[in-house]
Each structure stands twice: as C-alpha cells, then as structure tokens.
Amino acid sequence: MKENDFTHKPLLTKREREVFELLVQDKTTKEIAQELFISEKTVRNHISNEIYTNCKQKPH
C-alpha cells in the first residue's frame, strides 16, 4: 500500500475554515459574505453543512 492511501480528508474546506474564523469573531453572515465576496446564502450553507456533517459523525 502507498503512504498517500492513508491521507485523511480535512475536517473543513479552506472556504469553510475562512467562514468559521470570521464567525467566531462575531461577524454577521452579511459581514462574512461581503468580506469573502460570496452571498449570504452561501455563508449559511457552509455553516449548516458543517454542523450537519459533524452531528452525523458523532456516535450516539
């Protein structure tokens, strides 16, 4: 087996990480959207996708 067969997918994409870094700085979705040049809907999607993914992966 090759060494790179064991590489793990990052928990967050680069863009999700950027969104969350701004979110923890108490920025609003509107402010985040303006700063990253994306729509507010895209910001909300990044947030909800990550919350859903993390909740789905937690053991019950």
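Visitor: Where is Thr13 found?
Guide: Thr13 is found in the segment before helix 1, which covers 14-23; helices here are DSSP runs of H or I with at least four residues, strands are runs of E with at least two, and both are numbered from the N terminus. This is a predicted model, in which local features need pLDDT of at least 70 and side-chain atom pairs count only at pLDDT 80 or more, while totals for chains, interfaces and linings use all residues. Residues are numbered from 1 along each chain as its sequence is written, and side-chain values use heavy atoms, with hydrogens and water left out.

Visitor: And how does Thr13 count in terms of relative accessibility?
Guide: Thr13 counts as partly exposed because its relative accessibility is 41%; buried means under 20% relative accessible area, exposed means over 50%, and partly exposed lies in between, with a 1.4 Å probe and protein chains only.

Visitor: What separates the C-alpha atoms of Thr13 and His46?
Guide: Those two C-alpha atoms are separated by 9.5 Å, although Thr13 and His46 are 33 residues apart along the chain.

Visitor: Is His46 buried or exposed?
Guide: His46, which lies in helix 3, counts as buried because its relative accessibility is 16%. Not counting residues up to four places away in sequence, His46 touches Arg15, Glu16, Val19, Phe20 and Ile38, where contact means heavy atoms within 4.5 Å.

Visitor: Stepping back, how many helices and strands does the protein have?
Guide: The protein has three helices and zero strands, and along the sequence the pattern reads α-α-α. Of its 60 residues, 17% count as buried. Among contacts with a separation of 6 or more, 36% are between residues 24 or more positions apart.

Visitor: Which residues make up the largest nonpolar core?
Guide: Seven residues make up that core, namely Val19, Leu22, Ile32, Ala33, Leu36, Val43 and Ile47. Helix 1, helix 2 (29-36) and helix 3 (40-57) each supply at least two residues of the core, and the largest share, three residues, comes from helix 2. A nonpolar core is a set of buried Ala, Val, Leu, Ile, Met, Phe, Trp, Tyr and Cys residues joined through side-chain atoms within 4.5 Å. As general background, nonpolar side chains tend to be buried together in soluble globular proteins.

Visitor: What is Ile47 in contact with, leaving aside its neighbours within four places?
Guide: Ile47 is in contact with Val19, Phe20, Leu23 and Thr29, once its neighbours within four places in sequence are left aside.

Visitor: Let's turn to packing. At what angle do helix 1 and helix 2 pack?
Guide: Helix 1 and helix 2 pack at an angle of about 135°, and their axes are 10 Å apart; the axes are lines fitted to C-alpha atoms, for helices over the stretch in contact, and angles run from 0 to 180 degrees between N-to-C directions. The two helices are therefore oblique to each other, since angles under 35 degrees count as roughly parallel, over 145 as roughly antiparallel, 65 to 115 as roughly perpendicular and the rest as oblique.

Visitor: Which residues in helix 1 and helix 2 meet?
Guide: From helix 1 there are Arg15, Glu18, Val19, Leu22 and Leu23, and these meet Ile32, Glu35 and Leu36 in helix 2.

Visitor: What about Glu35, which residues is it in contact with?
Guide: Leaving aside neighbours within four places in sequence, Glu35 is in contact with Leu22 and Lys27. Glu35 is partly exposed, because its relative accessible area is 42%, and its C-alpha atom is separated by 9.6 Å from that of Val19, 16 residues apart along the chain.

Visitor: Now the loops. What is phi of Asp26 near?
Guide: Phi of Asp26 is near 65°, which is a positive value in a residue other than glycine, and Asp26 lies in the loop between helix 1 and helix 2. Asp26 counts as exposed because its relative accessibility is 71%.

Visitor: And what is phi of Phe37 near?
Guide: Phi of Phe37 is near 60°, again a positive value in a residue other than glycine, and Phe37 has its place in the loop between helix 2 and helix 3. Phe37 counts as exposed because its relative accessibility is 76%.
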